[in-house]
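Please look over the sequence and the model shown below before reading on. The paragraphs that follow lead through the structure step by step.

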Amino acid sequence: MCLAVPGRVTEIEERDGTRMAVMDFGGVVKDVCLEYLPDLAVGEYAIVHVGFALQRLDEESARRTLELFEELGLLQEEFGDPWETAGEFVAESVAGPVAESAAVEEAGR
């Protein structure tokens with residue numbers, strides 16, 4: 001799933017002619033393009049989708065949305081480490097057949 005997530009601007013700089021920000025998404029920090037919101041300032045919040053800040057957002061709305069996303073586990077889904085997620089998937093995939101095999105073996109005794 002790909003979400004539009006609210007984040008807070010912590011730094012702004014120009015990189016190769018493009019206005020970029022470092023943004024904090026409830027503890028996850030990412031680089032974001034500010035070309036669609038050229039007047040966004042440090043400390044302000046914006047909705048970000050696929051690396052682009054799309055719409056300014058007030059602080060209260062941003063905080064409520066981030067809290068809701070956190071409760072639903074959507075921040076981890078959106079920003080989680082892909083290697084960690086893949087490892088969890090493999091562990092679950094292997095654990096299922098191993099557990100079934102052990103249960104069948106135990107039942108046969």
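Strand 2 and strand 3 form a hairpin with two residues between them, and Gly 26, which sits in the turn, has a positive phi of about 60 degrees. The two strands pair in the antiparallel sense over six bridges, where pairing requires that DSSP finds at least two bridges between two strands. The words helix and strand refer here to DSSP runs, numbered from the N terminus, a helix being a run of H or I with at least four residues and a strand a run of E with at least two.

All of this is read from a predicted model, in which local features need a pLDDT of at least 70 and side-chain atom pairs count only at pLDDT 80 or more, while totals for chains, interfaces and linings use all residues. Residues are numbered from 1 along each chain as its sequence is written, and side-chain values use heavy atoms, with hydrogens and water left out.

The predictor's confidence in each residue is given by pLDDT, on a scale from 0 to 100, and the chain averages 80, with 67% of the residues scoring at least 70. Among the elements, strand 5 has the highest mean pLDDT (95), whereas helix 3 (residues 82-108) has the lowest (58).

How much of the chain is buried? Of the 109 residues in the protein chain, 26% are buried, a word that stands for a relative accessible area under 20%, with exposed meaning over 50% and partly exposed the range in between (1.4 Å probe, protein chains only).

In soluble globular proteins, nonpolar side chains tend to be buried together. The largest nonpolar core in this model has 16 residues, and those with the most contacts inside it are Met 23, Leu 40 and Ala 53. Such a core is a set of buried Ala, Val, Leu, Ile, Met, Phe, Trp, Tyr and Cys residues joined through side-chain atoms within 4.5 Å. Strand 1, strand 2, strand 4 and helix 1 each supply at least two residues of this core, and strand 2 gives the most, with three residues.

Leaving aside its neighbours within four places in sequence, Met 23 is in contact with residues including Gly 7, Val 9, Val 28, Ala 46 and Val 48. Ala 53 is found in strand 5 and is buried, because its relative accessible area is 0%; among the residues that Ala 53 touches, not counting those up to four places away in sequence, are Cys 33, Tyr 36, Leu 40 and Ile 47. Ala 53 and Met 23 are 30 residues apart in sequence, and their C-alpha atoms are 9.6 Å apart in space.

In contrast to Ala 53, which is buried, Val 29 counts as exposed, at 53% relative accessibility. Val 29 is found in strand 3, and, leaving aside its neighbours within four places in sequence, Val 29 is in contact with Val 22 and Met 23.

The structure also holds one aromatic pair. The rings of Tyr 36 and Phe 52 have their centres 5.4 Å apart and their planes at 40 degrees, so the pair is tilted; rings of Phe, Tyr and Trp (its six-membered ring) pair if their centres lie within 6.5 Å, and planes under 30 degrees apart count as stacked, over 60 as edge-to-face and the rest as tilted. Because Tyr 36 lies in the loop between strand 3 (28-33) and strand 4 (45-49), and Phe 52 in strand 5 (residues 52-57), the pair ties together parts that are 16 residues apart in sequence. Tyr 36 is exposed, with a relative accessible area of 55%, whereas Phe 52 counts as partly exposed at 31%.

Asp 16, found in the loop between strand 1 (5-15) and strand 2 (18-25), has a phi near 50 degrees, a positive value in a residue other than glycine, and is exposed, with a relative accessible area of 84%. Val 50, in the loop between strand 4 and strand 5, has a positive phi near 40 degrees and counts as exposed at 56% relative accessibility.

Methods
Contact means heavy atoms within 4.5 Å.
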